[in-house]
Amino acid sequence: MNTAPRTALLLALLGLAALYVGWFINDKHWLATQLVFTAPPLALAIALQLGWRKAGFWASVLALGWFSHGVMSAWSHPETRWLALIEIALALLVIFAASLPGLRARFSKRR
């Protein structure tokens with residue numbers, strides 16, 4: 001993966017993990033929410049750094065769920081709408097950054 005999309009993907013995953021830590025800091029089921037929400041993007045960021053080739057694919061697959069969660073939260077919880085909108089933006093960034101190398105390869109001119 002090129003360095004720019006890889007860096008964007010890494011920062012988006014770390015941003016999602018940080019967002020979830022802050023979002024659910026006062027939740028009565030703190031450990032469960034951290035395991036469900038914070039652990040996956042953090043684990044994928046670590047896997048990306050360690051060079052796991054499928055980290056981008058799995059990040060984009062999970063980003064579909066993060067995007068859906070953000071839309072549902074923005075729609076149904078006005079008190080956390082800004083957090084949900086940030087989640088939506090980061091999920092879209094994950095999908096775009098993970099897909100960009102494949103899109104470039106697919107649509108580049110053949111030499």
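Let's start with one side chain: leaving out residues up to four places away in sequence, Leu42 touches Leu14 and Ala17, where touching, or contact, means heavy atoms within 4.5 Å. Leu42 sits in helix α2. Helices here are DSSP runs of H or I with at least four residues, strands are runs of E with at least two, and both are numbered from the N terminus. Leu42 and Leu10 are 32 residues apart along the chain, and their C-alpha atoms are separated by 9.3 Å.

Before I go on, the housekeeping. This is a predicted model, where local features need pLDDT of at least 70 and side-chain atom pairs count only at pLDDT 80 or more, while totals for chains, interfaces and linings use all residues. Residues are numbered from 1 along each chain as its sequence is written, and side-chain values use heavy atoms, with hydrogens and water left out.

Now the overall picture. The chain has four helices and zero strands, in the order α-α-α-α. The C-alpha trace spans about 55 × 30 × 20 Å along its principal axes. There are 111 residues, and 37% of them count as buried. If you take contacts with a separation of 6 or more, 64% are between residues 24 or more positions apart.

On to the helix pairs. Two packed helices are described by the angle between their axes and the distance between the axes. The axes are lines fitted to C-alpha atoms, for helices over the stretch in contact, and the angles run from 0 to 180 degrees between N-to-C directions.

First up, α1 (residues 3-23) and α2 (residues 30-49): they pack at about 155°, with axes 8 Å apart. That is why we call α1 and α2 roughly antiparallel; the cut-offs are under 35 degrees for roughly parallel, over 145 for roughly antiparallel, 65 to 115 for roughly perpendicular, and oblique for the rest. Our Leu42 is one of the α2 residues making this contact, and Leu10, Leu14 and Ala17 are among those from α1. By class, the contact has 14 nonpolar, three polar and one charged residues. Nonpolar covers Ala, Val, Leu, Ile, Met, Phe, Trp, Tyr, Cys and Pro; charged covers Asp, Glu, Lys and Arg; the others, Gly among them, are polar.

Next, α3 (residues 55-76) and α4 (residues 81-107), which pack at about 155° with axes 8 Å apart. So α3 is roughly antiparallel to α4. Their contact has 16 nonpolar, five polar and two charged residues.

How do α1 and α4 pack? Their angle is about 160°, with the axes 9 Å apart, and α1 and α4 are therefore roughly antiparallel too. Among the residues that meet are Leu9, Leu13 and Trp23 in α1, and Leu83, Leu90 and Arg104 in α4. This contact has 19 nonpolar, one polar and two charged residues.

Last stop: the loop between α3 and α4, where you'll find Thr80. What does Thr80 touch, leaving aside neighbours within four places in sequence? Trp23 and Ser73. Thr80 counts as buried because its relative accessibility is 17%.

Definitions and conventions:
Buried means under 20% relative accessible area, exposed over 50%, partly exposed in between (1.4 Å probe, protein chains only).
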